[in-house]
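Q: Hi, could you walk me through this one? I'd like to chat about how its parts pack.

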Amino acid sequence: MAEREFLARIFKALAMGLLLFTVLYLIPNTLFPIEFYPKSIAVSYGFFIAVVVGFSSAMAFATDTIFYYAFGACRAFAIIFLVMFAFKGGMVEISMPLVAVQIKISIDLTVILVMMLIAEMLDVIKNVLGAIAFLSGES
Amino acid sequence: MRPTVRAITIAIAIIWLFIIATIGTAIYSAANIRVFLNSTETTISPDGSIILTVNFTIQNNWFEDLRNLNIITSILEDSRDILLSFNTTMIDSIGGGENITVIHSVSMNLFNLDNETLEILLFDDTALRFETSVGVTLAEVLPVRVGVSTKSYWGAPLYGFIAGPPTLKVVGGTNYASVLVSFENHSSLFPVIGTIKVSIYNSTGAFLGYGEASVSVPSYYDYSGYIDIPISNPAYLTENGTFSIQFAMNMFNFTWEVQY
């Protein structure tokens with residue numbers, strides 16, 4: 001890999017990371033500050049951003065190599081596990097103690113969880129097929 | 001292979017769009033619900049039930065229907081988590097742009113409680129926990145439940161109840177075991193009106209006699225009085241024994257055995 005191409009890939013990875021970090025963290029955090037979220041959600045969201053930004057940057061760095069697809073499949077698996085862990089099987093409960101009352105919000109996100117899992121499983125399949133196509137020289 | 005990969009990419013994009021649209025619709029739907037509390041009141045029914053009634057209006061300013069709206073209120077004794085009463089109000093749907101007035105009530109009848117629970121409520125100042133939760137299906141697919149838990153002071157109507165020990169007295173040739181009975185009505189909800197019936201048994205378990213007194217004690221007042229129990233043979237009255245005390249009151253019936 002030529003030095004120039006390596007630098008270009010580094011720049012591309014940084015740009016991708018910065019773009020995703022802005023879209024996924026900076027803009028939402030400006031609109032709805034993350035300090036106001038319950039701690040469990042804030043932590044899961046932080047992991048989600050780290051996974052997406054990290055793997056997407058790695059994918060940008062590894063464009064036109066087999067590792068692009070490997071990172072893509074890994075990102076999809078990581079998001080699957082993260083979503084299952086964060087959603088606790090679909091039931092999300094948030095407790096907010098106020099002065100004299102305890103407020104508890106339960107949301108059944110099973111439908112959303114299933115849709116996310118289907119999307120991520122399709123992403124895994126897409127990356128596997130992409131890797132096969134890459135190895136067969138099709139792309 | 002490439003058309004397949006492209007098709008999957010499009011499918012993934014559509015699924016994510018659907019996820020974002022569903023979450024967005026649910027958030028906007030929730031943000032367009034307005035709830036106005038009209039009134040709350042606590043009443044005592046003729047059958048002795050304490051009824052808490054909440055009257056409120058729900059405004060659905062979103063264009064979609066709100067489905068499966070249900071309100072559940074439970075009353076629990078706080079320190080021991082004993083369920084005292086609960087009630088559910090169901091509303092099938094509130095159409096887009098509609099208002100609906102809901103009257104939700106929960107009643108607690110001391111006559112229906114078991115003796116162990118009633119003993120706690122009658123003699124101990126404690127706290128009641130009101131757990132109200134409202135469930136609704138947003139965006140047709142997201143069931144959401146919001147629960148609120150509050151505590152309220154429960155004043156015992158027979159707080160500090162004391163009976164005995166019996167003292168012997170003779171009036172007009174008749175022997176009486178005179179029993180001092182006292183308590184404080186800490187309940188803010190109801191007066192204690194009715195009859196206290198006392199049966200006395202000696203240390204061998206032999207029944208000695210029975211007496212009763214009518215009481216009428218308003219909230220936050222105390223009562224102290226003697227109940228004279230005629231006994232046939234004062235020799236049977238022992239230093240230790242048992243009182244069987246029956247409270248036949250406007251709000252509760254309770255029988256209690258206590259050593260003296």
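This is a predicted model: local features need pLDDT of at least 70, side-chain atom pairs count only at pLDDT 80 or more; totals for chains, interfaces and linings use all residues.

Q: Nice. And is the crossing left-handed or right-handed?
A: Left-handed, for H3(A) passing H4(A).

Q: Which residues meet there?
A: From H3(A), they include Ile66(A), Tyr69(A), Gly72(A), Ala73(A) and Phe87(A). Among those they meet in H4(A) are Leu113(A), Met116(A), Glu120(A), Asp123(A) and Leu135(A). By class, this contact has 17 nonpolar, 3 polar and 2 charged residues.

Q: Switching topic: how many residues of chain B are in contact with chain A?
A: 24 residues of chain B, in contact with 26 residues of chain A. On the chain B side, helix H1 (2–31) and strand S7 (142–154) each supply at least two residues.

Q: Which element gives the most?
A: That's H1(B), with 13 residues on the side of chain B that touches chain A. The residues of that side divide into 16 nonpolar, 6 polar and 2 charged.

Q: And what about S7(B), which strand of chain A is joined to it?
A: Strand S2 (residues 102–108) of chain A: 6 bridges join S2(A) to S7(B), and the two run antiparallel.

Q: Which residue is the bridge partner of Gln102(A) in S7(B)?
A: Ser149(B) is the bridge partner of Gln102(A).

Definitions and conventions
Residues are numbered from 1 along each chain as its sequence is written. Chains are lettered from A and ligands numbered from 1 in the order in which they are written. Two residues are in contact if their C-beta atoms, placed from the backbone, lie within 7 Å. Helices (H or I, at least four residues) and strands (E, at least two) are DSSP runs, numbered from the N terminus. Ala, Val, Leu, Ile, Met, Phe, Trp, Tyr, Cys and Pro count as nonpolar, Asp, Glu, Lys and Arg as charged, and the others, Gly among them, as polar. Two strands pair if DSSP finds at least two bridges between them. A crossing is left-handed if the near helix is turned anticlockwise from the far one by less than a right angle, and right-handed if clockwise.
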